[in-house]
Amino acid sequence: MPLYVALLVGAIMFGIGLYGALSQTNLVMIMMGVEVMLGGALVNLVAFWRFLHPTVYPGQTFFLIIMTVMALDMAVGFGVGTARFRARGSVEAEEAGELKG
Amino acid sequence: MILQTAFMGLFGIAAIWFAVVVFRTHSMVRSALALLFSQAALGAMFLAMQAEFLGVLQIMMMATEMAIMAIFMVMFMMDPGGLGQMEMTHQKRLSQAAGVIGAFAALGIAFLAGWGNPAATAPGPQAQLRGLGLDLMERSMLIFETAGVTILTAMVAATAVAVATRSATKRKEDRE
């Protein structure tokens with residue numbers, strides 16, 4: 001039962017984050033959406049560790065890796081944001097049409 | 001078990017509520033603070049799941065991370081206070097559909113897969129830390145080292161990207 005509560009919270013957080021990352025126009029807000037999605041992933045990892053395999057620890061190691069990813073996407077994202085802001089004076093996705101692949 | 005479920009549900013609802021607030025408010029500072037509360041509620045949820053180290057780590061990391069994020073938001077946003085009620089979204093229908101489908105796909109897997117019997121008890125905090133430390137230094141050492149090298153690479157990359165544009169900015173200023 002508690003496992004399902006955690007999985008429910010994780011799934012809803014993932015949905016909210018996906019909506020945010022796709023719908024926001026500002027780079028910083030898009031990154032917030034990604035953070036919310038990764039938060040949902042963290043809930044799932046901790047729940048799987050706690051309720052399925054509490055005595056083996058690679059699950060917690062995986063948690064640390066995801067947390068590293070969360071910090072790194074912020075660092076690199078703000079690096080790109082700073083570069084973009086210096087060059088164009090804005091980090092709006094609507095004004096970055098030339099970055100389309 | 002019932003008390004644990006109740007607290008997990010409580011903190012989970014708080015996390016979801018604040019995650020919704022992040023994308024509904026117009027003020028950037030409120031948005032960053034709402035994300036901080038959302039992630040801190042997740043940390044409290046980890047504490048309720050008896051993952052003490054991970055819960056405290058989550059709360060501490062997110063407190064600093066969101067404080068930095070709030071500064072950058074005020075720097076980069078057109079309208080940080082949200083007083084102009086500026087429209088900040090695009091492709092709304094598509095995003096809503098993607099969010100709902102993503103959540104339901106995850107829910108479908110969560111509830112249809114057979115997870116087996118859940119474990120009733122977890123090791124204490126001390127045993128957990130010991131186990132995690134041994135895992136990091138033995139079985140998962142290569143992964144852990146890879147994470148370290150990735151952090152270093154990202155630090156160099158972020159600094160290089162931010163510094164490289166300085167000359168471009170200077171050229172632009174000279175033109176103007």
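How much area do chain A and chain B bury between them, and what percentage of it is on carbon and sulfur atoms? In this predicted model, the two chains bury about 6800 Å² between them, with 78% of that area on carbon and sulfur atoms.

**Figure 1. The interface between chain A and chain B, formed by 72 residues of chain A in contact with 82 residues of chain B.** Met32(A), Arg50(A) and Arg86(A) together supply 10% of the area that chain A buries against chain B, which is more than any other three residues supply. The elements of chain A that give two or more residues to the side touching chain B are helix 1 (2-23), helix 2 (27-52) and helix 3 (58-88). Of the elements, helix 3 of chain A gives the most to that side, with 23 residues. Sorted by class, the side of chain A that touches chain B has 50 nonpolar, 17 polar and 5 charged residues.

**Figure 2. Polar contacts and salt bridges between chain A and chain B.** Across this interface the rule finds 12 residue pairs in polar contact, with both residues of each pair at pLDDT 80 or more. The count of salt bridges between chain A and chain B, by contrast, is 0.

**Figure 3. Thr5(B), a residue of chain B that touches chain A.** Thr5(B) lies in helix 1 of chain B, which spans residues 2-24. Its relative accessibility is 15%, and because the cut-off for a buried residue is under 20%, Thr5(B) counts as buried. When residues up to four places away in sequence are not counted, Thr5(B) touches Met1(A), Pro2(A) and Val5(A).

**Figure 4. The two domains of chain B, domain 1 (1-81) and domain 2 (124-176).** The C-alpha centres of domain 1 and domain 2 of chain B lie 22 Å apart. At the interface of these domains, 4 residues of domain 1 are in contact with 4 residues of domain 2. The area buried between domain 1 and domain 2 of chain B is about 300 Å², of which carbon and sulfur atoms give 64%. Gln50(B), Glu52(B) and Phe53(B) supply 88% of the area that domain 1 buries against domain 2, more than any other three residues. By class, the side of domain 1 that touches domain 2 has 2 nonpolar, 1 polar and 1 charged residues. Across the interface of the two domains the rule finds 1 residue pair in polar contact, both residues being at pLDDT 80 or more, and 0 salt bridges.

**Figure 5. Gln50(B), in the loop between helix 2 and helix 3 of chain B.** Gln50(B) is one of the three residues that together supply 88% of the area that domain 1 of chain B buries against domain 2. The phi angle of Gln50(B) is near 65°, a positive value in a residue other than glycine. With a relative accessibility of 28%, Gln50(B) counts as partly exposed.

**Figure 6. Thr25(B), in the loop between helix 1 and helix 2 (28-48) of chain B.** The relative accessibility of Thr25(B) is 14%, and Thr25(B) therefore counts as buried. A polar atom of the side chain of Thr25(B) lies 3.3 Å from the backbone nitrogen of Ser27(B). Leaving aside residues up to four places away in sequence, Thr25(B) touches Arg30(B), Ser31(B) and Met88(B).

**Figure 7. Glu87(B) and Gln91(B), in the loop between helix 3 and helix 4 of chain B.** Helix 3 of chain B spans residues 52-76 and helix 4 spans residues 92-112, with Glu87(B) placed in the loop between them. Glu87(B) has a relative accessibility of 55% and so counts as exposed. The C-alpha atoms of Glu87(B) and Ala32(B) are separated by 18 Å, the two residues being 55 residues apart along the chain. Gln91(B), at 39% relative accessibility, counts as partly exposed. The phi angle of Gln91(B) is near 35°, a positive value in a residue other than glycine.

Note on methods
Residues numbered from 1 in each chain as written. Chains lettered and ligands numbered in written order. Predicted model: local features only at pLDDT ≥ 70, side-chain atom pairs only at ≥ 80, totals over all residues. Heavy atoms only, no water. Contact = heavy atoms within 4.5 Å. Buried area = accessible area lost by both parts, 1.4 Å probe. Salt bridge = Lys/Arg side-chain N within 4 Å of Asp/Glu carboxyl O. Polar contact = N/O pair within 3.5 Å; in protein donor to acceptor, adjacent residues only side chain to side chain. Helix = DSSP H or I, 4+ residues; strand = E, 2+ residues; numbered from the N terminus. Nonpolar A, V, L, I, M, F, W, Y, C, P; charged D, E, K, R; others polar. Buried < 20%, exposed > 50% of the residue type's maximum accessible area, 1.4 Å probe, protein only. Domains from an automatic or database assignment.
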